[in-house]
Amino acid sequence: MPKKYRVPLFVILCAGVLTAGAGAFFALHNRNFQVLNPRGTIASQERDLMIIAALLAIVVIVPVFAMTFTFAWKYRASNTKAKYTPDADKNAAAETAWWLIPFIIIGVLSVITWVSSHSLDPFKPIAGGIKPLKIEVVALQWRWLFIYPEQHIATMNLAQLPVGQPVEFDITSDAPMNSFWIPQLGGQIYAMSGMNTQLHLVADKAGDYAGSSANISGSGFADMRFTARASSRDDFDEWVRMAQSSSDHLGWTAYSQLAKPSKDETVRYFSSPDPTLYDTILMKYMGHGDH
């Protein structure tokens, strides 16, 4: 390429990169990426973990791309001044660098992964000395049922939580396998028939947080959403009293109708749910002929 074209081409490339970067920034800066906008202790730790892993990856990726373009430009066919060094692979310093740096990064990631896998174990209760609120979650087709055994209420498509109080979710499915996920409060965990999984979360700020299924489970999967509402303790107690006054009761017969496939996203409240309902749903898939 003639020299007179190199500078203009370089300027055009730089301008293109800056324009693309600015466009991406303005397009994304007002978007609410829920996993990057945590409202709970667990979600905050998971966000930090993702950022650390991404930065460590960039330490490798950026130099690799930089060297790729540098070598491609320097050793292009038209550059007759490039120095031919066929024995460069025997350079001890270079060999040490490109083996040692990835080894160190992998070592750091291994330590981070080991520590975070234990500290963020979804089955691990959240420390703090506060008794957790217990909620039993049943993934239906395609709705979410929340049973509050200590408050003697149940809700459909809405989970209300007190701010600052840890929540212990017991999760199962009475439908195809699903994945329970509230991105701003913590990571997802699978809901499977005949199996009880657990997830411990806590909301640090009041607000309505989107919950969904993160596992494709049929035609109604895209609409299988619910709201996790974090409120003050007084508001939570008032909400419980309101739900307890519902005239709808949730025994096995009523539940059997409720469990039929439906894409209805309406929030419903039930008082006095059968205290054995969650265990009965679990046992339904344990090979016993009746409930």
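Visitor: What is the strand order in the open sheet of five strands?

Guide: The order is 4-10-9-6-7, with mixed pairing. Strands are DSSP runs of E, at least two residues, numbered from the N terminus. This is a predicted model, where local features need pLDDT of at least 70, side-chain atom pairs count only at pLDDT 80 or more, and totals for chains, interfaces and linings use all residues. Residues are numbered from 1 along each chain as its sequence is written, and side-chain values use heavy atoms, with hydrogens and water left out.

Visitor: What makes strand 6 and strand 7 a pair?

Guide: Two strands pair if DSSP finds at least two bridges between them. Strand 6 (residues 178-182) and strand 7 have four bridges, in the antiparallel sense. Asn-178 stands opposite Ala-191 in strand 7.

Visitor: Why is the contact of Lys-134 and Glu-168 called a salt bridge?

Guide: The term asks for a side-chain nitrogen of Lys or Arg within 4 Å of a carboxyl oxygen of Asp or Glu. Lys-134 and Glu-168 come to 3.3 Å, N to O, so they qualify. Lys-134 is in strand 1 and Glu-168 in strand 5 (residues 167-173), 34 residues apart.

Visitor: Why is Glu-168 called buried?

Guide: Buried means under 20% relative accessible area, exposed over 50%, partly exposed in between (1.4 Å probe, protein chains only). Glu-168 has 18%, so Glu-168 is buried.

Visitor: How do you know whether Lys-131 is buried or exposed?

Guide: Lys-131 has 58% relative accessibility, so Lys-131 counts as exposed.

Visitor: What makes Lys-131 and Glu-150 a salt bridge?

Guide: Their closest N and O atoms are 3.8 Å apart, so the pair meets the rule.
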